[in-house]
Amino acid sequence: MSHLKYSALNLVPIREGGSEHTAIDDMVELAKTLEDLSFERYWIAEHHNAPNLVSSATAILIQHTLAHTANMRIGSGGIMLPNHAPLVVAEQFGTLKTIYGDRLDLGLGRAPGTDMATATALRREQHDGVYRFPEEIDQLLQYFGPDTKQGYVKAIPAVGKDIPLYVLGSSTDSAHLAARKGLPYVFAGHFAPQQMKEALAIYRELFEPSEYLSEPYIIVCLNVVMADTNDEAHYLATTQSQMFASIMKGRMQKMQPPVKNIHSVLSPHEVTLSDARIRQSLVGDQTTVAQHIQDFIHHYGNIDEIMAVSYIYDTQLQHRSYRYFKEVMETLAIQ
């Protein structure tokens, strides 16, 4: 596991008792902590019409994070491409690279990141953007490519910027696409682990080397909740259980404090549904999580990077969890 990298994803949730402004401040403070901990990258998601998240204007949040960090790679996890004209995405990210240098990643998803009514309000055309996802990735690759590959319409100042693209997904369809295009693949194991094993196997088997990537590169997103003891970690993890139950019920509650008994706030059915969504979570102390990671790789095969998603109500305990995660990853790297 000596090559295994570690990174983080943030949906910019609003905590109960907090505000949109404090959620963005929390996002920045976490970025600073992760940079001090030498995390590989820090990605920000795109979601719309979600009153518990402040991640709709993803490019603006990325710019804000870049302005408050110095070295860590910052990117999108992801930009939901059907919601945006590729030309505009290229112009925005080309401008960001012009200002901040080679610190940008562009993760791309084909889902709308919202409900269908909001997707209708967002999209340039009615619901066909999902089917044009492969074509629009090609457009972005061209816009970021050398001047010799440009057409009449150029994404200035994106030309020649070569911003790395990553294909995000939660199904085997995305695995086929990433493999065919020779691009890195990021699987959403933090909320949709059902097809993960098959998707990763397909990507490895069908990967075609490209000018962008010579061999497969896999990032898996997983929920991570770490503490000094297993009992404390499972107590803190009741926040993520409430978060996912809220999403599945369409309530979109703000991030809730942990509870001693999850059954006091969720029904048995809600607990079952939530557990199914987050069953691959890394929850526990350092010894437990290290074993979970080893078991994960034994079951799913080698990966290149774990991208941690941490729903912990107390920000200081969240930062501690990421520090413990880094320590575990470094320990595994030297074994």
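Is Tyr 185 buried or exposed in this structure? Tyr 185 is buried, with a relative accessible area of 0%. Here buried means under 20% relative accessible area, exposed means over 50%, and partly exposed lies in between, for a 1.4 Å probe and protein chains only. The model is predicted: local features need pLDDT of at least 70, side-chain atom pairs count only at pLDDT 80 or more, and totals for chains, interfaces and linings use all residues. Residues are numbered from 1 along each chain as its sequence is written, and side-chain values use heavy atoms, with hydrogens and water left out.

Aromatic pairs were searched for next. A pair of aromatic rings is described by the distance of the centres and the angle of the planes. Rings of Phe, Tyr and Trp (its six-membered ring) pair if their centres lie within 6.5 Å. Planes under 30 degrees apart count as stacked, over 60 as edge-to-face and the rest as tilted. The whole structure holds nine aromatic pairs. One of them joins Tyr 185 and Phe 187 edge-to-face, at 6.2 Å centre to centre and 75° between the planes. Phe 187 is buried, with a relative accessible area of 0%. Phe 244 and Tyr 311 also form an edge-to-face pair, with 5.8 Å between centres and 90° between planes. This pair links distant parts of the chain, 67 residues apart. Phe 244 lies in helix α9, and Tyr 311 lies in the loop between β9 (305–309) and α12 (315–333). Elsewhere, ring pairs link Tyr 6, Phe 39, Tyr 322 and Phe 325 into a cluster.

Helices (H or I, at least four residues) and strands (E, at least two) are DSSP runs, numbered from the N terminus. Helix α9 (residues 238–249) also contains Gln 240. Gln 240 is buried, with a relative accessible area of 2%. Contact means heavy atoms within 4.5 Å. Not counting residues up to four places away in sequence, Gln 240 touches Asn 223, Val 225, Ser 274, Ile 278, Ser 281, Val 283 and Tyr 311.

Asn 223 and Val 225 are on one side of strand β7, along with Ile 219 and Cys 221. Nine of the nine residues of β7 (residues 218–226) are buried, so the strand is largely enclosed by the rest of the structure. Two strands pair if DSSP finds at least two bridges between them. Strand β6 (residues 185–187) pairs with β7 in the parallel sense over three bridges. Val 186 has Ile 219 as its bridge partner in β7. Five bridges join β7 and β9, again in the parallel sense. Ile 219 stands opposite Glu 305 in β9. Strand β8 (residues 282–284) runs parallel to β7 and is joined to β7 by three bridges. Here Met 226 stands opposite Gly 284.

Helix α1 (residues 20–36) has 17 residues and should span 24 Å at 1.5 Å a residue. The expected span is 1.5 Å times one less than the number of residues. The end C-alpha atoms of α1 are 25 Å apart, which agrees. Its buried residues are Ala 23, Met 27, Val 28, Leu 30, Ala 31, Leu 34 and Glu 35. Seen down the axis, the buried residues of α1 fall within an arc of 160° (taken from the directions from the helix axis to the C-beta atoms), so they line one face. Their cover includes β1 (5–10), β2 (41–44), α2 (58–67) and α12. The face turned away from the buried side of α1 carries the exposed residues His 21 and Asp 36. Just after α1, Ser 38 takes a positive phi of about 65°.
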